[in-house]
Amino acid sequence: FINSITLYGGGEVWMLTVMNELAARGYKVSFICKPEAEIIKYPDNKSIDVLPLRIAGDFDPFTISQLTKIYKKRKIDIVIANVGKDIRLGGLAAKFNSGVSVIALHQVDREIKNNLRYRFTYNSLADMIVVNSLATKTTLLKSAPWLFDKKIKVVYHGIDYQKYSSGNTINLRN
């Protein structure tokens, strides 16, 4: 996982939850983030290999070089990138490591820009785009008609209902 955002918000909560679930199921999980990232301070990341890295501009050669080394050393085969910058840096590093797939997250229902930078990012660097709703997928396809429908996968966020249960039973609706 790569996340260059230093704040701890909904996306980071989701990432930490998914990373912990994958680790609990036996997957080796690495998390690349800025050294000052708030997520590092959370105690529930003990089973995750946290790798603080100075993450600079979108096409920073130092960051790409460091990511390339991390991928090789840790034998990483899937990179899940949080935002455009992470997709660009992580995707370019993946190009230097054959067999590394890049999954781009797009977890907010908002358009993406229809320019060369975004076309390159989503068409050439991301192997798959994961969105959290059908509405988000629809918005992406409307704003970027150059995206392939088959490349976008909807993965709904789950809820651990036991965290919110006050007793033996809980009433949840779909």
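How much space lies in the second largest pocket? About 580 Å³. This is a predicted model, in which local features need pLDDT of at least 70 and side-chain atom pairs count only at pLDDT 80 or more, while totals for chains, interfaces and linings use all residues. Residues are numbered from 1 along each chain as its sequence is written, and side-chain values use heavy atoms, without hydrogens and water.

**Stop 1: the pocket**

Select Phe 1, Leu 22, Lys 28, Ile 78 and Ile 80, the closest to the pocket's centre of the 23 residues that line it. A pocket here is an open set of points on a 1 Å grid over the protein atoms alone, where a 1.4 Å probe fits, with protein on both sides within 12 Å along at least five of seven lines; lining residues have an atom within 4 Å of a point. Then colour the elements that give two or more residues to the lining: helix 1 (10-24), strand 2 (30-33), helix 2 (61-74), strand 4 (78-81), strand 5 (101-106) and strand 6 (128-131). Helices (H or I, at least four residues) and strands (E, at least two) are DSSP runs numbered from the N terminus. By class, the lining has 18 nonpolar, one polar and four charged residues.

**Stop 2: helix 2 and helix 3**

The axes of helix 2 and helix 3 come within 8 Å and cross at roughly 55°, so the two helices are oblique to each other. In helix 2, select Thr 63, Ile 64, Leu 67, Thr 68 and Tyr 71; they meet Leu 89, Gly 90, Leu 92, Ala 93 and Ala 94 of helix 3 (contact means heavy atoms within 4.5 Å). This contact divides into seven nonpolar, three polar and no charged residues.

**Stop 3: helix 3 and helix 4**

On the helix 3 side, pick Gly 84, Ile 87, Arg 88, Gly 91, Leu 92 and Lys 95; on the helix 4 side, Arg 117, Phe 120, Thr 121, Tyr 122, Ser 124 and Leu 125. Here the classes are five nonpolar, four polar and three charged residues.

How values were computed: Nonpolar A, V, L, I, M, F, W, Y, C, P; charged D, E, K, R; others polar. Points joined across faces, edges and corners; volume = space filled by probe spheres on them. Axes fitted to C-alpha atoms, helices over the stretch in contact; angles between N-to-C directions. Parallel < 35°, antiparallel > 145°, perpendicular 65-115°, else oblique.
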